[in-house]
Amino acid sequence: MADALHTLSAAELGRRLSAGLLTSRTLCEALIARYHLVNKKVGAFTHLDEADVLAQAEASDARRKAGEGRGPLEGIPVAIKDNIAVKGQPLTCSSKMLASLVSPYDAHVTERLRAAGAILYGRLNMDEFAMGSSTENSAIQKTFNPWDLACIPGGSSGGSAAALAAGLVPLALGSDTGGSIRQPASHCGVVGLKPTYGLISRFGLVAFASSLDQIGPMARCIEDCELLLRALASADARDMTCFGPSDRAFTPAGDAKKLRIGIPKGFLGKGVGAEVATAVTAAIEFYRSQGCAISEVELPSADLAVPTYYVVATAEASSNLGRYDGVRYGHRSASAGTPVEMMTNSRSEGFGAEVKRRILLGTFVLSAGYADAYYMRALRARSKIRAEYLAALATVDVLLTPTVPTPAFKVGEKASDPLQLYLEDIFTIPANLAGLPAISVPCGKSGHLPVGFHLVGAPLSEAKLLAAGRLFEAAHGFAHQQAAL
Amino acid sequence: MDRPPLIAMAEGFDIDHLAKLARLNLTAEEKALYSSQLNQILGHFQTLAKADLPETIDLARVVSESALRSDEPGPVLGAEAVTRIAPASRDGQISVPRVVDDEA
Amino acid sequence: MSSSPSDWEVVIGLEVHVQLHTRAKVFASSPWGFGKEPNEQVDPVVLGLPGTLPVVNREAVEKSILFGLVVGSSVPEQCAWDRKNYFYPDNPKNYQLTQKDFPVVVGGQVEIELPGASRNVMGEHKFIRIHHAHLEEDVGKLSHAGSGSLVDYNRAGVPLLEIVTEPDLRSSAEAEAFLRSLVALLTQAGVADCDMEKGQLRCDCNVSIRRRGAEKLGTRTETKNLNSISSVRDTVIYETARQIRELEAGRSITQETRGWNAELSRGYVLRDKEDAHDYRYFPDPDIPTLRISRETVARLQKLVPENLYDRQRRYVEKFGLPFTAASVLVANRELAEWFEAAAAAHPANPQGIANLVTNDLLRDLAASGGAGAAPADEVLPGVSLASCPIKPAQLAGLVKLTDDGVISKQQAKEVFAEMFKTGQEAVTIVDAKGLRQNSDTGELEKIVQEVIADPAVAKSIAEYRAGNEKAINALKGPIMKRTQGKANPVLIDQLLRKFLG
């Protein structure tokens with residue numbers, strides 16, 4: 001059975017581990033073997049400490065043998081995006097700036113995974129400092145879409161999505177600021193969920209845009225996604241934006257067929273490719289056939305979302321990335337000079353183009369004379385967008401759109417047009433601006449490339465999103481799908 | 001009305017000044033490329049300039065004192081760990097090039 | 001003492017940075033305190049490691065609110081924190097968490113007392129308005145070593161309350177009086193220790209000059225990082241003179257940031273920063289707005305001690321203390337409370353008690369040394385009343401013995417010294433040493449008459465009767481000798497005068 005292990009879901013693996021049909025050690029050995037075969041093609045992982053993984057696996061097996069198994073994630077490998085701190089492991093954020101950094105502390109989610117008995121499995125490639133939607137901005141390596149190795153996997157959690165789609169790991173953590181979990185999930189045909197802002201602690205997540213960032217679970221099916229979400233969501237006094245216990249998020253949703261689904265007016269017209277439109281429309285029709293009420297909703301400020309996001313996110317990022325100056329950790333320029341020169345050279349050598357672009361933009365929108373016109377206006381626009389979404393979600397349970405207007409593009413195709421890339425975040429960005437939970441669920445193909453649909457819910461309605469996803473998944477064949485590699 | 005108007009952002013956007021503020025060195029090519037790309041992006045942000053927006057910002061989460069931390073000292077990294085991570089150190093302190101101005 | 005000629009007026013505003021008395025830092029849980037090896041009080045949050053987040057220390061907030069109540073400000077419903085972005089090696093995140101728009105203290109005032117015409121005369125009182133006070137984090141410490149510099153982040157993240165005055169001060173004397181008063185308020189309320197030798201209080205001083213009677217303020221300069229009251233005073237004097245010189249020479253004042261060289265006693269211009277002052281403030285997204293409950297305010301209100309000048313007025317009016325004694329007592333809250341406990345035990349003679357406390361007790365406490373008092377305390381340098389060998393009631397007992405005539409004032413000094421050494425009750429010592437003075441009128445009358453009759457003192461008697469008051473003292477010696485020094489001197493004096501006529 002060893003060669004099929006990588007195709008199994010985390011839930012199924014958990015069942016087999018519990019039943020004694022499998023050991024974590026065997027499982028990890030199988031995945032490591034596949035890593036050696038496949039990762040060089042896909043480039044999902046930037047780092048995998050095999051000895052450490054096997055040691056964790058043995059410890060897990062010993063716990064289980066002693067009757068001290070910690071739950072459904074015991075012995076299950078979870079791969080971690082390289083912007084989430086794991087003590088003793090690299091924390092590079094796929095940047096030259098942090099290439100040498102080994103984290104001296106654990107993120108909250110890392111502690112939660114350890115407490116759940118999960119195996120912390122490697123470091124995943126990403127767009128540098130989570131800035132990007134193709135993982136092409138990684139300073140370390142390229143990641144390729146397992147469904148078409150000439151295409152990007154999406155970003156910034158491209159390594160996470162690719163690892164899942166290539167059968168390299170059953171569960172992965174990503175982070176999402178403007179769509180960085182959901183968009184690569186859509187491009188790679190897997191499930192990705194961004195929780196309600198504040199549900200999962202950001203302590204240990206390298207900050208890009210503090211008021212927008214969230215860690216979230218990624219998996220090949222809804223059941224696995226939920227398993228991981230439950231392990232991660234908990235109060236953490238070290239993050240003042242993380243609110244208390246999360247039971248509300250898991251209150252049973254009731255019958256998914258009774259969900260009211262809202263389709264934002266005009267969304268299918270926004271540069272959406274024909275095959276994406278077809279797949280998403282089919283998803284809408286599926287829900288309708290199940291008895292869900294489908295209605296059109298108005299979101300008049302939809303056009304403000306992308307500019308608002310890029311002003312707020314880059315402003316916060318320009319400040320969050322100020323700490324990277326070569327003084328206390330990370331890359332320090334070898335060139336001599338004054339402290340100002342040292343910091344400037346270190347930053348210039350350490351950051352890639354997209355990061356610099358965003359820092360410059362963020363610095364501009366906060367700068368004297370411009371902060372009112374840009375940053376303060378963006379906050380007001382954000383208020384308005386949030387209010388509109390909450391109003392819409394008072395009349396329906398979820399809003400449904402495509403996740404991305406078009407499927408994964410070819411590597412290098414959009415490298416010279418950052419604005420174009422920004423505009424593709426149109427469906428995912430509002431959930432970050434409004435702090436709402438959102439999920440991408442695979443629903444078809446455009447040619448051979450995966451397509452996903454996107455659901456947004458009211459605050460703490462994760463259960464409804466998962467229920468809707470489960471209803472769809474059960475009737476279609478997209479769960480557990482992996483590219484043939 | 002907001003000032004300066006977004007239409008005029010081509011004048012307001014001084015890449016040399018911004019690079020200095022952000023502690024970034026840019027080559028002449030980078031300056032040209034980023035200027036043009038960022039001005040294009042800012043041009044797209046016209047919708048933000050023209051939009052009818054509420055006066056108040058209703059986003060701030062408000063917490064009570066229960067969210068504050070008690071005054072219990074917690075664990076420290078230790079000077080050894082701090083200097084181990086640091087690119088350069090001496091006698092337990094982090095070393096940097098000579099700082100000249102004494103404003104603290 | 002103002003040094004400006006009569007047609008110029010100096011206007012001074014102060015920004016005082018005070019390290020609050022807490023165990024942990026303001027946004028991180030690392031401990032802090034003086035004297036640790038470099039970088040031993042640093043955790044991932046302090047260092048600004050990627051992924052770390054600030055969490056606000058409740059004690060720091062409450063001490064800030066308490067300060068606001070001490071200066072009579074009304075506590076805002078909410079307060080919030082902002083980021084002040086600038087690059088500097090001692091600034092771990094390259095932004096400082098501070099409060100720009102919604103600080104924790106708004107308004108208030110500090111009563112100050114200027115020196116009087118002489119030591120025994122109370123000087124003028126004035127109120128200096130507080131504009132606001134905000135809670136922020138301190139930065140690390142830079143030192144210079146050869147061709148490089150070194151950074152120690154132990155101080156980074158220490159809670160700082162920045163107290164900003166209105167430009168109400170008009171002289172170096174007022175600036176000094178303000179700082180002394182502020183330090184007393186802060187230490188007496190337990191808000192801060194204000195040990196300036198440990199850098200716990202630093203001051204930025206804004207000075208401008210204008211023609212007397214003018215309404216508009218002149219251009220001001222800011223002298224930063226003054227770490228002693230004398231350097232603030234000297235800076236004001238220096239800067240006042242310098243600006244007047246400039247203006248009288250027809251030049252104008254440049255708005256600039258300056259430093260003070262205490263060794264050379266002169267100010268200097270700090271090098272201009274290239275990107276001067278575009279701090280790109282914005283609300284910190286990691287710290288939500290804090291709602292301050294009225295219950296918390298009520299609870300903290302109870303911790304506000306009596307204002308030292310209210311107490312001083314009370315001592316002068318109710319206890320009849322002279323200004324100097326009252327002034328010494330109120331300078332230290334522990335001492336004042338000790339005094340009041342003693343006075344409560346013997347309400348008939350607060351002046352006598354105050355006298356013993358401010359002279360003998362303080363002198364002996366200082367001489368005995370010992371650790372523990374608030375370091376900013378000039379009244380009780382390095383000493384704590386907690387380790388005082390005498391209890392308030394005991395001192396009261398001593399004074400009562402003197403007032404009752406059981407011992408003389410002279411003997412009381414001797415008893416006090418013994419009390420301080422042994423901690424025993426006054427009565428015990430009096431009895432052990434047999435010090436009860438002889439107030440037996442009958443017996444003393446006999447002795448007095450015997451001495452008067454002695455021809456050895458006839459000359460002195462004659463001189464006394466001729467008008468020389470002091471001659472009577474010559475008779476007291478023999479009387480004391482015959483009573484082994486125990487005759488009640490007051491009684492002896494009365495009897496002598498009675499019999500000598």
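# Three chains, their folds and their contacts

Q: Is the crossing of helix 6 of chain C and helix 7 of chain C left-handed or right-handed?
A: The model is predicted. Helix 6 of chain C covers residues 308-317, and helix 7 of chain C covers residues 323-330. The two pack with their axes 9 Å apart, at an angle of about 145 degrees. Their crossing is right-handed.

Q: Which class supplies seven residues to the contact of helix 6 of chain C with helix 7 of chain C?
A: Helix 6 of chain C brings Leu308(C), Arg311(C), Gln312(C), Tyr315(C) and Val316(C). They meet Phe323(C), Ala326(C), Ser327(C), Leu329(C) and Val330(C) of helix 7 of chain C. By class, two residues are polar, one is charged, and seven are nonpolar.

Q: What is the radius of gyration of chain C?
A: Chain C holds 16 helices and 16 strands. For its 501 residues the globule rule gives 23 Å, and the chain is well over that, so chain C is more spread out than a compact globule. Its C-alpha trace spans about 95 × 55 × 50 Å along the principal axes. The radius of gyration of chain C is 30 Å.

Q: What share of the residues in chain C is buried?
A: Take the contacts of chain C with a separation of 6 or more: 70% of them join residues 24 or more positions apart. Burial is counted over the 501 residues of the chain. The buried share is 47%.

Q: What share of the 104 residues of chain B counts as buried?
A: Chain B has five helices and three strands. Along the sequence they follow the pattern α-α-α-α-β-α-β-β. Of the 104 residues, the buried share is 29%.

Q: Which element of chain B gives the most to the side that touches chain C?
A: The contact takes 37 residues from chain B and 50 residues from chain C. On the side of chain B, helix 2 (15-21), strand 1 (62-63), helix 5 (79-85) and strand 3 (93-97) give two or more residues each. The top giver, with five residues, is strand 3 of chain B.

Q: Which residue in strand 9 of chain C is the bridge partner of Val96(B)?
A: Strand 3 of chain B pairs with strand 9 of chain C, residues 148-152. The pairing is antiparallel and runs over four bridges. In strand 9 of chain C, the partner of Val96(B) is Ser149(C).

Q: Which helix of chain A gives the most to the side of chain A that touches chain B?
A: This contact takes 49 residues from chain A and 43 residues from chain B. Helices that each supply at least two residues to the side of chain A include helix 9 (305-320), helix 11 (353-366) and helix 12 (372-395). The most, eleven residues, comes from helix 12 of chain A.

Q: Which strands of chain A are the edge strands of the open sheet?
A: Eleven strands of chain A form an open sheet with mixed pairing. Their order is 1-3-2-4-6-5-10-11-9-7-8.

Q: Which residue in strand 10 of chain A stands opposite Leu193(A)?
A: Strand 5 of chain A covers residues 191-194, and strand 10 of chain A covers residues 438-446. They run antiparallel and are joined by three bridges. Opposite Leu193(A) stands Ile439(A).

Note on methods
Residues are numbered from 1 along each chain as its sequence is written. Chains are lettered from A and ligands numbered from 1 in the order in which they are written. This is a predicted model: local features need pLDDT of at least 70, side-chain atom pairs count only at pLDDT 80 or more; totals for chains, interfaces and linings use all residues. Two residues are in contact if their C-beta atoms, placed from the backbone, lie within 7 Å. Axes are lines fitted to C-alpha atoms, for helices over the stretch in contact, and angles run from 0 to 180 degrees between N-to-C directions. A crossing is left-handed if the near helix is turned anticlockwise from the far one by less than a right angle, and right-handed if clockwise. Ala, Val, Leu, Ile, Met, Phe, Trp, Tyr, Cys and Pro count as nonpolar, Asp, Glu, Lys and Arg as charged, and the others, Gly among them, as polar. Two strands pair if DSSP finds at least two bridges between them. The radius of gyration is taken over C-alpha atoms; the globule rule is 2.2 Å times the number of residues to the power 0.38. A residue is buried if 20 or more other C-beta atoms lie within 10 Å of its own, exposed if 12 or fewer, and partly exposed in between; C-beta atoms are placed from the backbone.
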